[in-house]
Structures are given as C-alpha cells and as structure tokens.
Amino acid sequence: TLIFLNSGVKLTTKGSKVLEDLLALHSSGLEILVCGTCLSFYNLKEDLAVGEVSNMYTIAEAILKARKVINF
C-alpha cells in the first residue's frame, strides 16, 4: 500500500510527473490511498487521477497493520 498525505497528494493528481508510474503500480494491484482532507485543503479533489480517496481512520489502520513502514 502506498499512502499519500499532506502535499504528497499532489503526486496523485493530473499533471504529476510520476503519474504514469503510479498508474502502472496501481494497475498491477498495488493499493494507493490518498488523504481526502489533504486533497480538499489543496483544492485537488477533482484532479485526482490515481488511487482511492481515504480518511485518517483507514490510513492509520493500514499503517498499524503494516509489517514495515517507510517514511519519506
């Protein structure tokens, strides 16, 4: 699972330089969660191009269940 928070949500929107790579990962079965509150803050909800709009409950649950978490 890839989780995008804060300004990282910009990577999942139209015009992102990594959009093609994220689409390829998503199409191969990788789950992509995008913070809905963050998208709203940056006015990007309509521009989301890959991933699932999520909330902090789901994101926190995914992090807690993960065997390993890598922060960037």
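## S54 and strand β3

S54 is buried, at 10% relative accessible area. Buried means under 20% relative accessible area, exposed means over 50%, and partly exposed lies in between (1.4 Å probe, protein chains only). S54 sits in strand β3. Helices (H or I, at least four residues) and strands (E, at least two) are DSSP runs, numbered from the N terminus.

Leaving out residues up to four places away in sequence, S54 touches L33, V34, C35, G36 and I59. Contact means heavy atoms within 4.5 Å.

## Basis of the model

This is a predicted model, in which local features need pLDDT of at least 70 and side-chain atom pairs count only at pLDDT 80 or more, while totals for chains, interfaces and linings use all residues. Residues are numbered from 1 along each chain as its sequence is written, and side-chain values use heavy atoms, with hydrogens and water left out.

## The sheet

Three strands form an open sheet in the order β1-β2-β3, with parallel pairing. Two strands pair if DSSP finds at least two bridges between them. β1 and β3 (52-54) stand at the edges, each with a single partner strand, so one side of each has no neighbour in the sheet. Neighbouring strands are turned by 30° against each other on average, direction ignored. For such angles, axes are lines fitted to C-alpha atoms (for helices over the stretch in contact), and angles run from 0 to 180 degrees between N-to-C directions.

β1 and β2 pair in the parallel sense over three bridges. L2 has I32 of β2 as its bridge partner. F4 stands opposite V34 in β2.

In a regular strand, side chains alternate between the two faces of the sheet. In β2, I32 and V34 point one way. L33 and C35 point the other way, and all four residues are buried.

## The nonpolar core

The largest nonpolar core has twelve residues: F4, V9, L19, L22, I32, V34, C35, C38, L39, L44, V50 and I59. The largest share, three residues, comes from β2. A nonpolar core is a set of buried Ala, Val, Leu, Ile, Met, Phe, Trp, Tyr and Cys residues joined through side-chain atoms within 4.5 Å.

C35 is one of the core residues. Not counting residues up to four places away in sequence, C35 touches F4, L5, V9, S54 and I59. Of these, F4, V9 and I59 also belong to the core.

S16 lies in the loop between β1 (2-4) and α1 (19-27). S16 counts as buried because its relative accessibility is 15%. The S16 side chain reaches the backbone oxygen of L11 at 2.8 Å.

Leaving aside neighbours within four places in sequence, S16 is in contact with K10 and L11.

## Two asparagines with positive phi

N6 has a positive phi of about 50°, although it is not a glycine. N6 lies in the loop between β1 and α1. N6 is exposed, with a relative accessible area of 54%.

N43 has a positive phi of about 60° and is not a glycine either. N43 is in the loop between α2 and β3. At 69% relative accessibility, N43 counts as exposed.

## Helix α3 and the segment after it

The structure holds one salt bridge. K65 forms a salt bridge with E61, with the closest N and O atoms 3.1 Å apart. A salt bridge is a side-chain nitrogen of Lys or Arg within 4 Å of a carboxyl oxygen of Asp or Glu. Both residues lie in helix α3, four residues apart, about one turn of the helix. K65 is exposed at 65% relative accessible area, whereas E61 is partly exposed at 41%.

V69 is found in the segment after α3 (56-65). V69 counts as partly exposed, at 43% relative accessibility. V69 and T1 are 68 residues apart in sequence, and 9.9 Å apart in space, C-alpha to C-alpha.

Key
Polar contact = N/O pair within 3.5 Å; in protein donor to acceptor, adjacent residues only side chain to side chain.
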